[in-house]
Amino acid sequence: MYVDTRQIDEIEAKLGKPQVQHLEFEIGELEVAFVRATQKHGRAHDITLFIFNDDHLALIRKPMFQRPIYRAPSGGLNPGESFEEGAKREALEETGLEVELEKYLLRVHVRFTSEGDHLDWTSHVFQARKVGGRLEAHDTAEIAETIYATIEDLQGPIRQALLESGRRLLAYRAALTDAVVDVLQTQGRVSSQVIGAPHGSEATP
């Protein structure tokens, strides 16, 4: 089991309790198969990292997507890793950055559904800051490009590209980002003038 209650208790004690959300998200049959292919040893989670360098965020682009389909870096824990160990490893692999975790922002329990089929997944979202390194992916097989962008970029043209891609897993990433921006606004980390998804939109959890 990749993530257990002991690991969650430890990271909450250090970084605070996150906002917890539950949602259901319809995806395609091929996307269900894709997620299942990542579930080696029963993995059913990702760690998503909002890595700040001053007022900019480190974003990644996967090789199968064209610009401007960028998103926050994410990955899974290896068996036996703590959240901090796994997050720092994933950050270095995907962005080339050494990071320090600052806050446990959000835990989203999502049920992905597709024509009567379903699978359950949890996204653990952390705020982090750059403490070293250079923005350049080490794992070039998984990451085609890394960029710095503002929250306004992320919630503007990048969000639009995610939603217009037709891929429901990317729409989920847009929804996850909307939820994170809401939390960051509540905490005063970003301006309340940043525009996310309108209420009632399908991409809003």
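A: The answer starts with the strand and its partners, then turns to the cores, the pockets and the salt bridges.

This is a predicted model, in which local features need pLDDT of at least 70 and side-chain atom pairs count only at pLDDT 80 or more, while totals for chains, interfaces and linings use all residues. Residues are numbered from 1 along each chain as its sequence is written, and side-chain values use heavy atoms, with hydrogens and water left out.

The strand is β2, residues 45-53. Helices (H or I, at least four residues) and strands (E, at least two) are taken as DSSP runs and numbered from the N terminus. Eight of the nine residues of β2 are buried, so the strand is largely enclosed by the rest of the structure. Here buried means under 20% relative accessible area, exposed means over 50%, and partly exposed is in between (1.4 Å probe, protein chains only).

Two residues separate β2 and β3 in their hairpin, where Asp54 takes a positive phi near 60 degrees.

Strand β3 (residues 56-61) leads on to β7, to which it is joined by five antiparallel bridges. Ala58 has Tyr148 of β7 as its bridge partner. Strand β7 (residues 145-149) is mostly covered too, with four of its five residues buried.

Next come the nonpolar cores. A nonpolar core is a set of buried Ala, Val, Leu, Ile, Met, Phe, Trp, Tyr and Cys residues joined through side-chain atoms within 4.5 Å. The largest has 35 residues, and those that touch the most other members are Phe25, Phe50, Leu59, Leu106, Val110, Phe112 and Tyr172. Helix α5 (residues 168-186) contributes the most to this core, 10 residues. A second, separate core holds 20 residues, among them Ile8, Ala87, Ala91 and Tyr104.

On a 1 Å grid over the protein atoms alone, a cavity is a set of points where a 1.4 Å probe fits but cannot get out, and a pocket is an open set with protein on both sides within 12 Å along at least five of seven lines; lining residues have an atom within 4 Å of a point. Grid points are joined across faces, edges and corners, and a volume is the space filled by probe spheres set on the points.

The second largest pocket holds about 170 Å³.

The largest pocket has a volume of about 910 Å³. It is lined by 31 residues, and Phe34, Thr38, Arg43, Lys62 and Arg71 are the closest to its centre. At least two lining residues come from each of α2 (29-37), β4 (74-75), α3 (83-95) and α5. The lining has 12 nonpolar, five polar and 14 charged residues.

The whole structure has 16 of them, each being a side-chain nitrogen of Lys or Arg within 4 Å of a carboxyl oxygen of Asp or Glu. Glu12 pairs with Arg107 at 3.0 Å between the closest N and O atoms. Glu12 lies in helix α1 (residues 5-15) and Arg107 in strand β5 (residues 97-114), so this pair ties together parts that are 95 residues apart in sequence. Glu12 is buried at 11% relative accessible area, and Arg107 is buried at 12%. Arg89 and Glu81 form another bridge at 2.8 Å, and both are buried. Arg111 and Asp120 meet at 2.7 Å, N to O; Arg111 is partly exposed at 33% and Asp120 is partly exposed at 41%.

Key:
Two strands pair if DSSP finds at least two bridges between them. Ala, Val, Leu, Ile, Met, Phe, Trp, Tyr, Cys and Pro count as nonpolar, Asp, Glu, Lys and Arg as charged, and the others, Gly among them, as polar.
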